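Subject: Structure handed over, with notes

Dear colleague,

Please find below the structure I promised to pass on to you. My notes on what was found in it follow directly after.

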Amino acid sequence: NMGNCPLNELIPFMLVVTGTLIIFSNVTLMTRKCCHPKLVTCLSCLQLPANFILLVFTFLGACWVYGTLHKVDTHHESHIRTGQANSVYCDALTYWVAFTTVTLILLVVVAAVTSGIDARCCLQQVRMATDAEAAPL
């Protein structure tokens, strides 16, 4: 649906890029168990930049999708077919898949960050407890 979103032509592009990067990440995770260690190392080196690009496109997609939420028209496709420009139209499936994709990725990022913070806090508490037990009275 690359041409079916005059509202923002970059929304379908964002879906293609994020989908490709998610598939790439999943393939690299699967190769860790079955492939030659050199290939695994090579793919692992590519995963960090791929994840960074995924985050960038997710944040850009959030701006593009959430920023147009109040004005998007997902019902009047006939304007595109008749040649009349409807600058607020976006294919319903494309728009709502983009909305869902961005939202889910952002939720995963928030969960990862908060679980990392929780883990760090727990480790600090464990260290403090073991230091307190080890300290002579």
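Helix H2 bends by about 25° at Gln47, and a proline, Pro49, follows within four residues. Please keep in mind while reading this and everything below that the model is a predicted one. Despite that bend at Gln47, H2, which has 30 residues, reaches 42 Å from its first C-alpha to its last, close to the 44 Å expected at 1.5 Å a residue.

As for the chain as a whole, it has 4 helices and 0 strands, so that, in the order read from the N terminus, its elements run α-α-α-α. Buried residues account for 28% of the 137 residues in the chain.

The partner of H2 that I looked at is helix H1, residues 10-34, which packs against H2, residues 37-66, at an angle of about 155°, with the two axes 9 Å apart. Because angles over 145 degrees count as roughly antiparallel, H1 is roughly antiparallel to H2. H1 passes H2 in a left-handed crossing, and the contact between them comprises, by class, 18 nonpolar, 9 polar and 1 charged residues.

H1 itself has 25 residues and spans 36 Å from its first C-alpha to its last, close to the 36 Å expected at 1.5 Å a residue. The buried residues of H1 are Ile11, Pro12, Met14, Val17, Thr18, Leu21, Ser25, Thr28 and Thr31.

Phe52 and Leu21 are 31 residues apart in sequence, yet 9.9 Å apart in space, C-alpha to C-alpha; Leu21, for its part, is one of the buried residues of H1. Phe13 lies in helix H1 and, with a relative accessible area of 36%, is partly exposed. Between Phe13 and Ala98 there are 85 residues in sequence and 10.0 Å in space, again taken from C-alpha to C-alpha.

Technical notes
Residues numbered from 1 in each chain as written. Predicted model: local features only at pLDDT ≥ 70, side-chain atom pairs only at ≥ 80, totals over all residues. Heavy atoms only, no water. Axes fitted to C-alpha atoms, helices over the stretch in contact; angles between N-to-C directions. Helix = DSSP H or I, 4+ residues; strand = E, 2+ residues; numbered from the N terminus. Parallel < 35°, antiparallel > 145°, perpendicular 65-115°, else oblique. Left-handed = near helix turned anticlockwise from the far one by under 90°. Nonpolar A, V, L, I, M, F, W, Y, C, P; charged D, E, K, R; others polar. Expected span 1.5 Å × (residues − 1). Bend = angle between axes of the 7 residues up to and from the residue. Buried < 20%, exposed > 50% of the residue type's maximum accessible area, 1.4 Å probe, protein only.
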